[in-house]
Amino acid sequence: MDYDNRLPTAPLGYPIGWFRVADLRDLKPGTVRRSRLMDGEVVVYRTRSGEVRAVRPYCPHLGAHLGVGGTVSGENLVCPFHRFEFAPDGRCVDSPDGATIPAGLSHYQVRERHGMVFVWHGPEGEAPTWELPEVADPAVLPMFRWSGEIPTHAQEMAENAADFRHLSVLHDVHMAEAEPCETDGPVFRVHVRSTGQGRAGSLETHQTIVMAGLGYTHIRFTIPRLGVVARMWGLQTPIGPWRTHLHSVVACEGTDGIASRALAPIVARAALRGVVKVLGEDIPIWEHKRYNPHPRLVAGESTLSRFRLWTRQFYPSEQSETRWESSNAST
């Protein structure tokens with residue numbers, strides 16, 4: 001497909017915020033990995049003492065890619081070309097003949113959450129303006145996961161969580177807001193109830209959806225009848241114009257004795273299968289639709305309207321006037 005067809009009418013750029021770039025299970029001490037981020041890459045590595053660092057990928061000496069043959073020596077990242085060593089603060093501190101260069105590496109701010117590594121994307125040199133919320137006990141780790149590249153923008157994917165109409169029409173998932181959505185700075189929160197059919201018959205779930213920026217969606221859902229609490233993360237990382245890497249993970253715990261604990265992995269696996277099924281129905285829509293900055297909303301879509309207003313904060317202020325205009329649609 002020629003994606004250029006839709007870009008002139010799709011003015012969304014790269015948002016600021018926290019974005020997943022790696023899993024801790026893939027970062028043993030001494031490991032160096034590369035990950036796509038926006039129009040480029042980030043190099044993520046773990047020092048011998050266990051600290052996780054992330055840097056822009058090119059050595060300031062002659063431009064070697066630090067993620068292709070780069071190694072870790074103690075706490076330092078070593079360039080594969082001339083073996084210049086860079087300390088955790090980015091300074092060049094050593095080389096085979098002791099020479100150093102008067103330039104360092106540019107680091108990303110890093111956060112570790114639930115076995116995953118996030119980096120902050122924003123104006124270079126500026127500190128993060130907000131933190132990822134604590135949505136679960138830090139000991140909660142994913143049981144099952146799925147990753148893939150999706151031909152759409154991260155905002156388009158996040159918007160699905162506020163678009164209840166499409167859930168019933170496209171996915172036959174019937175949800176109703178239990179209370180009005182809430183916004184708190186970079187956090188958007190929705191409480192919903194849904195009903196669906198499982199092997200045990202009709203099941204009601206209670207869900208709390210928390211979005212922190214446009215790269216982090218967490219859904220906590222309880223199934224009272226089964227005595228389980230499941231958590232799903234949808235982690236959208238932009239990797240190019242109108243291309244997003246989606247990492248979906250699921251965890252589940254039983255809250256009502258041995259039987260519910262035995263059910264937890266079964267529910268988690270089923271939940272991930274459900275996510276993949278829904279994605280299969282969404283992707284053809286995302287792949288061919290155009291972003292409409294002035295949607296003509298209808299009654300009952302106030303949450304979608306509030307979502308659009310909330311997203312403005314994640315784009316550079318100098319672009320907000322040209323990229324965004326408030327929708328005056330009645331909801």
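Guide: Let's start with a word we'll need: a residue is called buried when its relative accessible area is under 20%. The model you see here is a predicted one.

Visitor: Thanks! What percentage of the residues in the protein chain count as buried?

Guide: Of its 331 residues, 50% count as buried.

Visitor: And how many helices and strands does the chain have?

Guide: You'll find 5 helices and 17 strands in the protein chain.

Visitor: Let's pick one residue. Where is Ser 95?

Guide: Ser 95 lies in the loop between strand E8 (92–94) and strand E9 (110–113).

Visitor: Is Ser 95 buried or exposed?

Guide: Ser 95 is buried: its relative accessible area is 8%, and the cut-off for buried is under 20%.

Visitor: What does the side chain of Ser 95 reach?

Guide: It reaches the backbone oxygen of Ala 99 at 2.6 Å. The side chains of Ser 95 and Asp 97 are also joined, by a polar contact of 2.9 Å. Leaving aside residues up to four places away in sequence, Ser 95 touches Arg 83 and Phe 84.

Visitor: New topic: in what order do the strands of the open sheet with E9 come?

Guide: The order is E1-E10-E9, with antiparallel pairing. Strand E1 (17–23) and E9 each have a single partner strand, so one side of each has no neighbour in the sheet. From one strand to the next, the twist averages 35 degrees.

Visitor: How many bridges join E1 to E10?

Guide: There are 6 bridges between E1 and strand E10 (residues 116–121). One of the pairs is Gly 17 with His 121 in E10.

Terms used. Residues numbered from 1 in each chain as written. Predicted model: local features only at pLDDT ≥ 70, side-chain atom pairs only at ≥ 80, totals over all residues. Heavy atoms only, no water. Helix = DSSP H or I, 4+ residues; strand = E, 2+ residues; numbered from the N terminus. Buried < 20%, exposed > 50% of the residue type's maximum accessible area, 1.4 Å probe, protein only. Polar contact = N/O pair within 3.5 Å; in protein donor to acceptor, adjacent residues only side chain to side chain. Contact = heavy atoms within 4.5 Å. Pairing = 2+ DSSP bridges. Axes fitted to C-alpha atoms, helices over the stretch in contact; angles between N-to-C directions.
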